[in-house]
Amino acid sequence: MKHLAALALAVVAVLWVRSLGEPTGTGSAGAALAIGFTLLGAWVVADLLRRLRLPRLTGYILFGVLIGPSVGDVITESMAIQLQFITGIATTLIALIAGLTLNLERLGQQFAAIARLTAITLGIAMTGIGVAAWIAWPWLPIAPDASGLTRLAIVALLVVTTVSFSPTMTAAVTTETGARGRLSETVLTFVVLADLALLVLFSLAMLFARVAVGATAGDGAGLIGRFVWEIGGAVAFGVLVGSLFALYLRHIGREVTLVVIAVCALLSQVGTSQQFESLLAAVAAGLVIENLAIAQGDALKAAVQAAALPVLVIFFVAVGFSLRLDVLAQGGVIVLGLSALRLLLIRFGLAVGVRSAGIDRAVGDHIWTGLISQAGITLGLAAVVAAEFDDWGPRIQALLVALIAIHELVGPLLFRYGLARGGELAAAAPRPLVVVSNREPYVHQEDDQGRIVAKAATGGVAVALDALMRERHGVWVAHGAGPADRQVVDASDKVRVPPDGPAYDLRRLWLEESTFSAYYNGFANEGLWPLCHLVDVRPQFRTEDWAAYRDINERFAVAVSQEVRSPNTPVFIQDYHLALVAPALRARLPHARTALFWHIPWPYPDRFRICPWASEILAGLLANDLLAFQLERDRRNFLLAAEEEPNVEVEHESSRVRCGDRYTTVIAVPIGVDYDRIQAIVAAPALASEQARLRDLFGLSARVIGIGVDRLDYTKGIPERLAALDLLFSRRPQLRGALTFVQVGVPSRSEIDSYASIEAEIGSHISAINARHGVPGGAPAVYYHKSPLTIASLAALYRLADFCIVSSLHDGMNLVAKEFVAARDDEDGVLVLSSLAGAAQELREAVIINPYDVDGFADGLLQAIDMPPDQRRARMRAMRRIVAGRNVFGWASDILEGLESLWTKPLHYSVRRWEDMSV
Amino acid sequence: MMPATQWDPPWHARLGLSWSTGTVPVLLILILGSALGPHGLAVLTPEVLRVVDPAIPVAVAALGILAGLEFTRPAAPHRWVLLGKASLQSLLTGAFVALGVRFLAPRLPGVDGPEAWIVALVAGVAASMSASLPSVDPDRLRPLAIRLRDLDAIVPAFGGAVVLASLHAPFPLASMTLLAQAALLALVISGAAWLLLADTTPSTEQRVFSVAALLLVGGIADYLSLSALASGLLAGLFWGVVGGVARDCIERDVSYLRHPLVVLMLLTAGARTTLSPSILALALAYLALRAAGKLAGAWLARRTPGARLPDDLGSSLLPPGVFGVAFALNATAMIGPSAAPLLAVVVLGTIGSQLTAAMLRPRERRE
């Protein structure tokens with residue numbers, strides 16, 4: 001509704017502006033207005049149509065027809081003319097995209113078959129239309145009196161332009177519907193190849209027409225030279241531009257979208273001025289980038305897909321402007337007849353071609369639906385004919401524009417129908433997902449009345465993956481650790497969750513205590529955890545723990561293999577507990593598609609070699625198709641570690657690792673928090689009462705409140721934090737009784753000695769601080785809370801605090817830092833953040849401290865306490881922008897989309913920074 | 001630990017590149033534009049410049065939008081005091097330059113009578129602005145002198161809008177009515193964009209709406225031959241005040257487009273610059289009057305009550321920024337070919353001001 005109101009306002013504004021008079025200043029007046037209005041209106045209308053299950057493209061074109069000069073006249077003829085420059089760029093961009101779709105390696109043997117199909121279909125369609133046009137010549141409204149060579153030349157031009165297709169429409173429909181499969185790929189390759197051939201034939205036909213009508217002079221060699229220049233010059237220029245562009249992408253790679261638009265403008269302008277086929281040059285440039293510079297091609301494609309959209313929207317609306325319904329009405333019968341003949345001949349050509357090229361009938365039967373559309377290239381060719389042959393050229397153009405009017409409106413709808421019949425729209429629907437983690441998203445337990453209830457996990461990752469599974473459906477495989485878990489599962493150990501709206505299966509794995517302890521407490525938490533965190537805790541590696549780790553990973557893999565229904569089902573494995581699931585799974589399902597996210601840091605190679613089974617862990621991880629880390633640092637460390645392995649090859653540029661005959665793509669995707677959920681919690685009226693409850697519970701009467709929220713772990717730097725607070729109270733005694741620091745510390749892994757000792761140390765340290773700095777009758781210096789808090793209580797606590805300390809000695813990311821920022825919609829509060837936490841790479845506006853430097857840490861705390869309100873607000877605002885821009889759902893979809901894109905192409909672009917490709 | 005303030009690049013970088021906006025080497029691009037223009041190597045032919053023309057009001061509007069957003073930024077202490085002082089010094093500079101140019105303008109070919117007043121006022125408005133835009137992180141606090149400099153485009157931008165509106169109607173009431181309608185139109189478009197962005201989550205969609213809003217704001221001003229800078233400023237103030245998603249999206253997307261748009265605008269301004277002895281003489285006068293106005297304005301601003309400003313405030317105000325060239329280019333397009341010498345004077349004055357500023361650089365300090 002808001003969108004419609006906005007569109008109404010925009011229409012009012014444009015009509016109001018026009019009522020104030022025609023532009024008087026520069027010749028450009030009206031262009032920006034027309035483009036802006038077009039962009040806004042077309043998007044809103046297309047969105048409406050999408051809700052009616054119609055293609056967006058139809059919406060753009062329809063909007064163009066409705067507001068264009070021939071119907072609504074909101075955009076006048078002169079304003080529409082102003083858009084011609086944009087449409088010129090768009091046509092070249094379309095040709096570039098067409099070139100980028102032709103990956104010869106990927107198409108492989110199919111390429112020859114599709115090329116054969118294209119040649120046969122084009123041959124039959126062109127011959128048929130040519131013969132029909134020759135016979136029906138006296139009735140065609142072009143040049144009835146033409147005869148001989150002139151008539152043959154005009155027929156040749158008519159044939160080439162009438163048969164031409166629209167790679168843009170085809171690409172746009174497949175992109176929009178998300179269709180994936182052989183039909184969409186065959187159609188796209190067909191139209192690109194066909195239009196390439198037609199561009200060459202068009203040049204030839206133009207040359208022939210010039211000679212036939214006597215518009216050009218010169219000998220045969222001169223004419224051949226001109227033809228060679230038009231085609232060869234275009235290809236050579238395209239190859240040059242493509243190579244330079246690939247170099248730019250490789251070595252600079254910034255503002256790619258803007259540069260691509262500039263390149264299209266260059267190709268368009270130089271092509272016109274040097275009289276060669278700019279569209280052919282653009283296709284050649286795309287082909288070079290796609291096939292000779294694979295990584296750069298992906299970066300370019302990502303940028304084009306992300307940001308060239310406005311150009312294409314304007315192009316389609318401009319097509320709508322040019323659709324002259326009056327011309328269609330005048331030449332109705334002839335235009336309809338020509339359209340029907342084109343369709344008939346294409347279908348006949350396809351029937352012959354499919355048989356001859358040996359293409360699967362299931363695909364071949366629906367190819368014709370993708371060959372109806374005509375748009376930019378046809379319009380461009382028609383414009384060239386009209387401009388060069390001013391007697392009969394405009395009549396051919398009028399005929400083609402009327403044809404396009406039909407094909408443009410019908411084409412996208414038919415192709416969508418064809419994709420649906422071919423079963424490729426179903427392929428676009430999200431495939432069920434298999435998530436594998438040690439911890440389960442719901443634990444079943446008995447409540448006070450003895451009823452079994454499901455308790456949801458509260459961690460940010462668990463919440464995000466749960467939301468993802470609600471949408472995607474599928475199975476989540478995890479260790480069943482709840483006291484009542486066994487009572488609710490079915491015979492295959494599954495239970496439907498979430499309880500409030502079952503959407504996916506939770507498959508529970510039953511692990512006996514002794515093996516679980518050796519796997520979880522032993523190898524994972526006494527071995528890998530300290531190995532990967534640079535703290536002074538010696539990793540413990542025991543053979544029996546390693547055996548348990550392997551055994552349980554194997555059991556996870558067996559369970560997963562039973563749940564993977566199709567080789568295409570993505571399997572998303574979580575964390576360092578399950579490093580060996582992928583190879584065990586692959587032994588059962590060689591074509592399984594797996595991604596693993598390693599949540600904790602990855603150590604530098606020398607440290608990693610401490611692990612006696614380092615090679616096995618590496619090989620296990622390299623059995624995944626996609627391996628994701630939190631930070632660039634971790635990705636680099638992993639690649640360095642992999643490089644030291646024999647039989648492993650690392651491709652640093654594309655961030656791929658070859659192990660045996662398979663590749664693993666390694667990327668860095670920092671995790672985020674569920675920003676929207678935290679926003680909703682802090683915006684709820686219940687926040688105030690929860691804050692009051694916590695004030696009472698913790699006895700928070702101090703003027704200044706600080707907080708720390710951690711699992712009690714030696715990596716979190718809690719003793720260092722307490723030492724800094726101790727020093728702070730000593731340095732500024734007036735804070736005694738005026739400052740309370742709330743330490744929420746939930747004990748974990750207490751059965752491990754290192755954890756038990758850190759718990760004891762923290763307890764005694766807090767007692768000492770309170771004894772030293774406590775004020776009789778005043779607020780405590782440190783309040784220690786050992787029970788876990790719900791996310792709502794945590795959010796309320798975050799909002800109570802003047803500062804929050806995250807002092808990890810080493811941390812993959814640390815979501816508490818991001819949660820604190822997300823909760824501060826009041827743009828207040830200071831984050832004191834360890835430079836050794838992954839979050840410090842992103843949240844640079846925090847007060848950054850080194851937890852090992854107690855003096856500096858205390859300085860940082862003083863800075864946080866004394867920080868002026870405007871500086872607090874400025875820093876928090878900057879951090880909120882970062883946290884809001886990278887939430888946990890974006891993290892999950894980045895990894896899964898990355899994994900799914902491996903079906904068709906390696907994911908090179910994910911290793912680049914998002915900012916490099918943004919618009 | 002991150003510093004709380006942000007500093008200009010070192011002096012040699014400023015001198016070499018005249019990095020006055022922090023991201024765009026103004027001096028280099030103006031000279032490059034001039035070299036590539038029709039009077040130089042003729043790479044940028046009049047036809048190419050005509051193709052680029054629609055982007056100019058959009059670029060100018062983008063600057064206005066960012067200035068409006070900057071002014072409404074929540075964490076900006078002494079905002080009104082600094083605006084008052086900034087406006088005082090810019091008005092003084094504008095008056096110096098306008099009177100000087102009015103006196104000398106009849107020496108330019110084809111500039112006489114009422115047109116000389118228009119040319120003088122446009123030159124005054126262009127000279128009065130030193131503003132640049134925060135380059136790296138807009139949320140980081142900058143020194144007071146820099147913040148004052150960045151606020152000095154606001155009042156002149158609205159004053160310039162009045163000057164341009166007066167070109168269209170002989171009577172003040174008619175031109176004011178037109179101006180009011182243009183302001184309302186800018187607010188209507190801002191409102192439409194706000195409605196769209198408040199209800200839109202995907203970033204692609206947000207980007208389309210932000211770009212459309214920018215084009216409409218610039219396009220309306222262009223269509224009516226009014227100041228795109230003022231329209232943009234008004235829209236920026238609107239989005240800044242309503243805040244929320246709309247503000248964030250517009251700021252993100254317009255900031256991204258700012259760099260290429262400003263480069264395009266500066267290249268165009270350079271390319272459209274013609275040289276003649278009378279233009280050079282007027283440019284020298286413009287440069288001297290601007291410098292005198294800025295130094296006098298800084299002296300006055302320091303003596304008015306309010307925020308405490310550094311002794312060398314005048315040096316901070318000497319860099320010309322990009323708003324002056326933007327406004328002059330916009331105004332030249334509205335006035336017509338007879339204003340071409342005016343643009344040349346402003347471009348040469350900008351280059352001269354940039355060099356002067358690089359030589360009289362303020363001391364580095366933390367506030």
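This is a predicted model: local features need pLDDT of at least 70, side-chain atom pairs count only at pLDDT 80 or more; totals for chains, interfaces and linings use all residues.

Me: How many helices and strands does chain A have?

Reply: Helices (H or I, at least four residues) and strands (E, at least two) are DSSP runs, numbered from the N terminus. For chain A the count comes to 38 helices and 18 strands.

Me: Are the rings of Phe523(A) and Phe541(A) stacked, tilted or edge-to-face?

Reply: Rings of Phe, Tyr and Trp (its six-membered ring) pair if their centres lie within 6.5 Å; planes under 30 degrees apart count as stacked, over 60 as edge-to-face and the rest as tilted. The structure holds 29 aromatic pairs over all chains. In this one the centres are 5.7 Å apart and the planes of Phe523(A) and Phe541(A) stand at 55°, so the pair is tilted.

Me: How many residues apart in sequence are the parts that Phe541(A) and Trp613(A) tie together?

Reply: The ring centres of Phe541(A) and Trp613(A) are 6.4 Å apart with planes at 75°, so this pair is edge-to-face. Phe541(A) lies in the loop between H23 and H24 of chain A, while Trp613(A) lies in the loop between helix H26 (605-608) and helix H27 (614-621) of chain A, so the pair ties together parts whose separation in sequence is 72 residues.

Me: Is Trp613(A) buried or exposed?

Reply: Buried means under 20% relative accessible area, exposed over 50%, and partly exposed in between (1.4 Å probe, protein chains only). The relative accessible area of Trp613(A) is 14%, so Trp613(A) is buried.

Me: Which residue lies over the face of Trp134(A)?

Reply: A charge sits over a ring if NZ of Lys or CZ of Arg is within 6 Å of the ring centre and within 35 degrees of the ring normal. Here the distance from the ring centre of Trp134(A) is 4.2 Å, and the residue over its face is Arg151(A).

Me: What percentage of the residues in chain A is buried?

Reply: Chain A has 919 residues. Among them, the buried share is 59%.

Conventions: Residues are numbered from 1 along each chain as its sequence is written. Chains are lettered from A and ligands numbered from 1 in the order in which they are written. Side-chain values use heavy atoms; hydrogens and water are left out.
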